[in-house]
Amino acid sequence: MLKKYALTAGAGVVLLVTLMTLRTFGLGAPPSGEVKPLAQVASAYDRTGIADRVSAAIQIRTISLARTAPTNAPAFAAFADLLEASYPAAHAKMHRERVNRHSLLFRWQGSDQTLPPIGFLAHMDVVPVEPGTEDEWAHHPFGGVIADGRVYGRGALDNKGQLIAIMEAVERLAVTGFKPARDVYLFFGHDEEIGGLRGANEIAKLLKSRGVNLSFTLDEGSGVVDGIIPGARGPIALIATAEKGYVNLNMTARADGGHSSTPGRETAVSRAGRAVVTLIDNPHPAELDENVIAFLHGIAPAMPFPMRFALANLWITGPAVSSMLVKSPVTAASLRTTTAPTIINGGVKANILPQTASAVVNYRVHPRDTVEGVKSRAEKLINDPFVTVDLTTGAPASPQSSVTSDGYRAIVTTTADIYGGIASAPSLTLQGTDTKHFVSIANDNYRFTPFIYQKEDLGRIHGTDEFVEIDTLLRAASWYEAFIRRTAGPSPRDD
Ligand SMILES: [Zn+2]
């Protein structure tokens with residue numbers, strides 16, 4: 001009897017392992033992980049020319065300081081002039097409008113107006129260089145120095161390199177006589193780094209007033225990452241299908257004042273402190289929802305076999321994988337709404353009981369959660385009649401875009417054409433982009449820059465020594481050209 005039971009159990013284990021192995025192979029063969037030689041994909045582009053144009057773009061100081069600061073109008077005018085002088089064929093084929101004076105909207109009219117248009121976003125503005133760090137740069141941050149096969153300066157990666165790559169592609173398409181079937185739009189905002197309210201938001205409002213509805217938009221927000229996902233072999237294309245929202249909660253605690261020699265049990269400071277600690281001790285739950293699972297299944301082929309086996313069988317391994325992912329702040333942020341107390345204030349003198357104290361907690365809202373939900377959850381957790389919670393800023397997360405649309409598939413296919421056999425996966429953008437203004441006028445919104453990013457590049461974005469490899473620019477230009485031919489060419493597949 002015991003033997004029979006053992007045999008049945010043994011057969012069950014064999015069956016389970018077989019099933020789990022089959023699921024592992026079902027995710028697809030491991031990609032080669034080898035990037036195609038540049039000469040095979042970008043020989044049509046002029047290496048010196050593209051570097052010079054990115055350099056010239058960096059030298060124009062289109063800096064966004066703060067929402068309240070005036071716009072540097074001459075800089076944005078110079079930027080538009082640079083594009084016009086550098087890309088004459090593109091300007092001849094496309095209709096250009098200035099929106100709210102500084103932002104640019106280009107429309108390349110397609111031959112078939114029944115097809116929904118597509119739109120490409122990039123932004124002209126850059127963040128400032130943090131005062132005191134200028135000397136840490138290898139080259140002047142606004143010098144546009146070309147050295148060691150790179151172009152150095154603020155905006156090289158975020159986002160002038162991408163903007164120039166788009167223009168290079170469009171120029172070449174125009175020169176070679178390409179005629180789009182559907183409308184191709186370019187949207188270049190001038191205040192993305194301070195929220196995009198005056199730029200991208202105004203462009204989107206204008207399009208809406210004209211009844212334009214796009215098949216999809218493509219913006220910054222993710223890219224081809226190499227050595228960034230722990231354990232992955234070779235580069236992986238991460239295609240962001242959503243971006244997180246943003247909430248600031250202001251907590252105000254009240255208590256009786258008086259002399260600190262005879263305090264009650266609580267002061268306003270202790271109440272505010274307790275509220276903050278309660279919130280960080282009770283983080284939003286991390287979940288492997290269907291979008292996270294799609295991401296994990298997408299990256300799995302690039303992982304070593306044991307990890308691939310675990311990722312293919314999340315129905316069993318889910319809790320273990322989840323607890324591993326929350327250990328890293330970056331992967332944790334893609335699984336949950338994050339909680340970050342960033343400001344605390346209260347009290348004026350060591351011997352006076354403060355009557356009020358306040359704290360600000362910044363949340364990045366996961367697409368699963370809502371702005372109101374974040375606030376009411378905080379109130380319930382704090383559960384203190386002497387602490388009021390006010391919502392001071394609230395922007396919802398974006399909706400999830402499709403991973404089965406023609407647009408998404410075209411991103412995957414074009415990336416394989418230009419980069420070679422690399423894995424690809426849908427992902428989530430953790431910061432905000434100008435795309436948030438376009439969600440109501442497009443069926444889908446993707447955030448993917450066809451640049452290859454190493455781990456060190458991430459620190460250079462908004463940081464010190466920002467640069468872009470000229471090879472990366474060339475590959476990106478040919479990516480955009482191939483992508484536009486595929487999605488807007490003479491016989492596009494209808495959506
Ligand atoms: Zn950016």
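**Sheet, core and overall shape**

Mentor: In this predicted model, helix H8 (residues 268–281) lies across strands E9 (245–254), E11, E13 and E14, and runs at about 15° to E13.

Trainee: What makes the sheet of E11, E13, E9 and E14 an open one?

Mentor: The order is E11-E13-E9-E14, with antiparallel pairing. E11 (338–346) and E14 (387–395) are at the edges with a single partner strand each, so one side of each has no neighbour in the sheet.

Trainee: How do you know that E11 and E13 are paired?

Mentor: Pairing requires at least two bridges between the strands. Eight bridges join E11 to E13 (residues 356–365), so by that definition they pair. Within E13, alanine 359 stands opposite isoleucine 344.

Trainee: What makes a set of residues a nonpolar core, and how many are in the largest one here?

Mentor: The members are buried nonpolar residues joined through C-beta atoms within 7 Å. The largest such core has 117 residues; Val54 and Leu473 are among those with the most contacts inside it. Helix H16 (residues 470–488) contributes the most, ten residues. Valine 54 is also in contact with residues including Val151, Ile164 and Leu473.

Notes:
Residues numbered from 1 in each chain as written. Predicted model: local features only at pLDDT ≥ 70, side-chain atom pairs only at ≥ 80, totals over all residues. Buried ≥ 20, exposed ≤ 12 C-beta atoms within 10 Å, placed from the backbone. Helix = DSSP H or I, 4+ residues; strand = E, 2+ residues; numbered from the N terminus. Contact = placed C-beta atoms within 7 Å. Axes fitted to C-alpha atoms, helices over the stretch in contact; angles between N-to-C directions. Lists of a residue's contacts leave out its neighbours within four places in sequence.
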